[in-house]
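Reader: I would like a close look at one part of this model. Please keep it brisk, and take me from that part out to the rest of the chain.

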Amino acid sequence: MRVEAIVGHSTTRPISWQSLWQRAKGLVARPEPADGICLSRRHELLARLAPIGPLRTDRIELWPSDEALWITHTADFERLLSNSVYDFATDYMPNWAEIWPCGVLLAGVIAQNPEALRGQRVLELGPGVGVTAVAALRAGADLTVADYDMGALALTSLNALDQTGREPRAMHLNWREPSREFLRVAGEGWPLVLGADLLYERKDVRPLLALLERIILPGGELWLGESGREEAQRMVKALRWRKWSGPSEPYTSPLPDPNYGTFDVITVHKLRRPLEQEDGG
Ligand SMILES: C[S@@+](CC[C@H](N)C(=O)[O-])C[C@H]1O[C@@H](n2cnc3c(N)ncnc32)[C@H](O)[C@@H]1O
């Protein structure tokens, strides 16, 4: 039997009767994984996730849309963090294993406007547990996800399989040193790249900027969710300086921050890379 719970209670936005009813239903039952999925593949993914310890599945509301997803993630993020050793060379911590409000919000923005992704080649950088990726697949994107943690790729694949019956193409990527294989797959670039809560290390700003300029087609877009960290704002400023343009929309966070319990403002930037004649290139 699966352990079920509900998260997603924000005191800072109105809660509709419909959403209360959805939550109440969620307490009773969660849907079975999508019909016809390959159970041996599911077991393979679960075996890869064994090192992070027990998993749990929560119902996550994708505000500002009316949609919701069942997302599997680590049952005890605190324990996982305290059992991990910080790697100073890579700044690695298993941050991918938690549900972050930024990814949920970006998923909600996608669910509200799925047409923008339907039939598009889309890349998500740093998918974490896969909330945004599942929303992108549901919207009909031809999705690739890239992360340096194989656990993030496995959990994203599991959630995608359970919720949509499909998996994204999963690629290993350290954006500080993108591999030849990743750049080969990137080819000319993607028309849309998604990223939620990617920047919390200053030394990631430059390599990510360089990568985005390499892997987003001229005229293509970056949809970036960020919760006000200085590093993320630095990158947005640098992109705007390079004439990337588009709206930056602030939202109240749909979930409390797992570290601090605060409801931050999350901004979704939809930035379009200039065409070559526009940036003088
Ligand atoms: C804070 S988590 C956010 C996850 C997800 N986007 C969300 O909002 O829930 C940051 C993500 O970026 C990935 N990441 C961090 N540094 C990376 C790097 N140098 N190369 C590739 N992925 C990285 C992590 O593994 C993780 O999946």
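Which residues in H5 meet which residues in H6?

Author: A word on the source comes before the answer: this is a predicted model.

On the H5 side, the residues are Ala133, Val134, Leu137 and Arg138. They meet Thr156, Asn159, Ala160, Gln163 and Thr164 in H6. By class, this contact has four nonpolar, four polar and one charged residues. An α-helix has 3.6 residues a turn, so residues three or four places apart point the same way.

Now the geometry. Two packed helices are described by the angle between their axes and the distance between the axes. H6 covers residues 150–164. H5 and H6 pack at an angle of about 40°. Their axes are 9 Å apart. Angles from 35 to 65 degrees fall between roughly parallel and roughly perpendicular, and the two helices are therefore oblique to each other. The crossing of H5 and H6 is right-handed.

Eight of its eight residues are buried, so H5 is largely enclosed by the rest of the structure. Buried here takes 20 or more other C-beta atoms within 10 Å. The buried residues are Val131, Thr132, Ala133, Val134, Ala135, Ala136, Leu137 and Arg138.

Gly140 is in the loop between H5 and strand E5, residues 142–147. With 14 C-beta neighbours inside 10 Å, Gly140 counts as partly exposed. Beyond its neighbours within four places in sequence, Gly140 is in contact with Pro114, Leu117, Arg118 and Gly119. Glu115 is 25 residues away from Gly140 along the chain, and their C-alpha atoms are separated by 8.3 Å.

Ile266 sits in strand E10, which spans residues 265–272. Ile266 is buried, with 28 other C-beta atoms within 10 Å. Setting aside sequence neighbours within four places, its contacts are Pro101, Cys102, Leu105, Gly225, Ser227, Tyr251 and Ser253. Cys102 and Ile266 are 164 residues apart along the chain, yet their C-alpha atoms are separated by 6.5 Å.

H8 and H9 pack at an angle of about 40°, with their axes 10 Å apart. These helices are therefore oblique to each other. Their crossing is right-handed. H8 brings Val205, Leu208 and Leu209 to the contact, and H9 brings Glu231, Arg234, Met235 and Ala238. By class, the contact of H8 with H9 has five nonpolar, no polar and two charged residues.

Some backbone details deserve a check as well. Most residues other than glycine have a negative phi, and most peptide bonds are trans. Asp197 has a positive phi, near 55°. Asp197 lies in the loop between strand E7 (190–196) and helix H8 (205–215). Asp197 is buried, with 23 other C-beta atoms within 10 Å. Lys243 also has a positive phi, near 75°. Its loop lies between helix H9 (230–241) and strand E9 (248–252). Lys243 is partly exposed, with 15 other C-beta atoms within 10 Å. A cis peptide bond joins Trp63 and Pro64, with omega about 15°. Pro64 is in the loop between strand E2 (55–61) and strand E3 (68–74).

Last, the chain as a whole. Its secondary structure comes to 10 helices and 10 strands. The protein chain has 281 residues, and 40% of them count as buried. Take the contacts with a separation of 6 or more: residues 24 or more positions apart account for 72% of them.

Conventions:
Residues are numbered from 1 along each chain as its sequence is written. This is a predicted model: local features need pLDDT of at least 70, side-chain atom pairs count only at pLDDT 80 or more; totals for chains, interfaces and linings use all residues. A residue is buried if 20 or more other C-beta atoms lie within 10 Å of its own, exposed if 12 or fewer, and partly exposed in between; C-beta atoms are placed from the backbone. Helices (H or I, at least four residues) and strands (E, at least two) are DSSP runs, numbered from the N terminus. Axes are lines fitted to C-alpha atoms, for helices over the stretch in contact, and angles run from 0 to 180 degrees between N-to-C directions. Angles under 35 degrees count as roughly parallel, over 145 as roughly antiparallel, 65 to 115 as roughly perpendicular and the rest as oblique. A crossing is left-handed if the near helix is turned anticlockwise from the far one by less than a right angle, and right-handed if clockwise. Two residues are in contact if their C-beta atoms, placed from the backbone, lie within 7 Å. Ala, Val, Leu, Ile, Met, Phe, Trp, Tyr, Cys and Pro count as nonpolar, Asp, Glu, Lys and Arg as charged, and the others, Gly among them, as polar.
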